[in-house]
Amino acid sequence: MAEFSIKVNGEKKVLTADSDTPLLWVLRDILNLTGTKYGCGIGICGACTVLVNGKAERSCSITIEEVNGKSITTIEGLAANPNNPILKTWIDVEVSQCGYCQPGQIMNVAALIANNNKPTKREIDETMNSVLCRCGTYNRIKKAILKIVEDKQ
C-alpha cells in the first residue's frame with residue numbers, strides 16, 4: 001500500500017491504496033463516487049470514462065499510481081454545476097434510455113467540446129464511437145452534441 005494524492009472534482013484527496021488499483025475502484029470504493037460506471041473492465045466500452053487533466057480516460061484501465069498528482073473530473077464534478085450545458089442539453093433532448101453508459105458518454109463529450117469548439121460530424125462520430133450504448137441512443141447523443149455545438153456559436 002502506498003499513499004497517493006489526486007485532485008477529484010476540484011478537491012484534493014490523499015488516500016492509501018495498492019499502486020496497481022484501477023482509478024475506477026478508487027473513485028467508487030474509496031471515494032464513494034459511484035457515478036462512474038463499471039462496464040467491461042478492459043477499457044473497451046467506455047462506461048467508466050473520466051477526465052484526467054482534461055483528457056478522456058478509461059478509469060478501469062488506468063491505475064492510481066498513473067494518476068498520482070493529477071486532476072480527475074467525474075460525472076459528479078460536472079453535475080455540481082446545475083447550468084452545465086452538456087447535462088442540460090442531455091435532458092432537453094432526452095438522450096438517456098437505460099442510462100448506464102451515459103456518464104461515460106457525457107465525459108467523452110465534455111473532453112471533445114473542451115478541446116474542439118466546433119467539432120465536425122465526422123469528429124463527433126469518431127469520438128463517440130468509442131463509447132458503447134446497448135440501448136442504441138446514438139442518434140439522440142449525436143443530436144444533443146450538435147445542439148451543444150450550435151448553442152455555443
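**Exercise 1. Surroundings of a helical asparagine**

Which residues does asparagine 108 touch, not counting residues up to four places away in sequence?

*Solution.* The model is predicted, so local features need pLDDT of at least 70 and side-chain atom pairs count only at pLDDT 80 or more, while totals for chains, interfaces and linings use all residues. Residues are numbered from 1 along each chain as its sequence is written, and side-chain values use heavy atoms, with hydrogens and water left out.

Step 1. Apply the contact criterion, namely heavy atoms within 4.5 Å. Asparagine 108 then touches Thr49, Ala56, Thr127, Met128, Ser130 and Val131.

Step 2. Helices (H or I, at least four residues) and strands (E, at least two) are DSSP runs, numbered from the N terminus.

Step 3. Classify the residue by relative accessible area, where buried means under 20%, exposed over 50% and partly exposed in between (1.4 Å probe, protein chains only). Asparagine 108 is buried because its relative accessible area is 6%.

**Exercise 2. A loop threonine**

Determine where threonine 36 is placed and whether it counts as buried or exposed.

*Solution.* Step 1. Threonine 36 belongs to the loop between α1 (23-30) and β3 (49-52).

Step 1. Threonine 36 counts as buried, because its relative accessibility is 2%.

Step 2. Leaving aside neighbours within four places in sequence, the contacts of threonine 36 include Leu24, Leu27 and Arg28, and also Cys48, Val50 and Thr74.

**Exercise 3. The hairpin and positive phi angles**

Describe the pairing of β1 with β2, and the backbone of asparagine 9 and glutamate 94.

*Solution.* Step 1. Two strands pair if DSSP finds at least two bridges between them. Strand β1 (residues 2-8) and strand β2 (residues 11-17) run antiparallel and are joined by 7 bridges. Phenylalanine 4 of this pairing stands opposite leucine 15 in β2.

Step 1. The two strands form a hairpin with 2 residues between them. In the turn, asparagine 9 has a positive phi of about 50°, although it is not a glycine.

Step 2. Most residues other than glycine have a negative phi. Glutamate 94, in the loop between α4 and α5, likewise has a positive phi, of about 55°.

Step 3. Asparagine 9 counts as partly exposed because its relative accessibility is 26%, whereas glutamate 94, at 59%, counts as exposed.

**Exercise 4. Salt bridges**

How many salt bridges does a search of the whole structure find?

*Solution.* Step 1. The criterion is a side-chain nitrogen of Lys or Arg within 4 Å of a carboxyl oxygen of Asp or Glu. The search finds 5.

Step 1. Glutamate 11 forms one with lysine 13, the closest N and O atoms being 3.4 Å apart.

Step 2. Lysine 142 forms another with aspartate 125, at 3.2 Å between the closest N and O atoms. This pair links distant parts of the chain, with lysine 142 in helix α7 and aspartate 125 in helix α6, 17 residues apart.

Step 3. Lysine 147 and aspartate 151 also meet in a salt bridge (3.1 Å, N to O). Because these two residues are 4 residues apart in helix α7, about one helical turn separates lysine 147 and aspartate 151.
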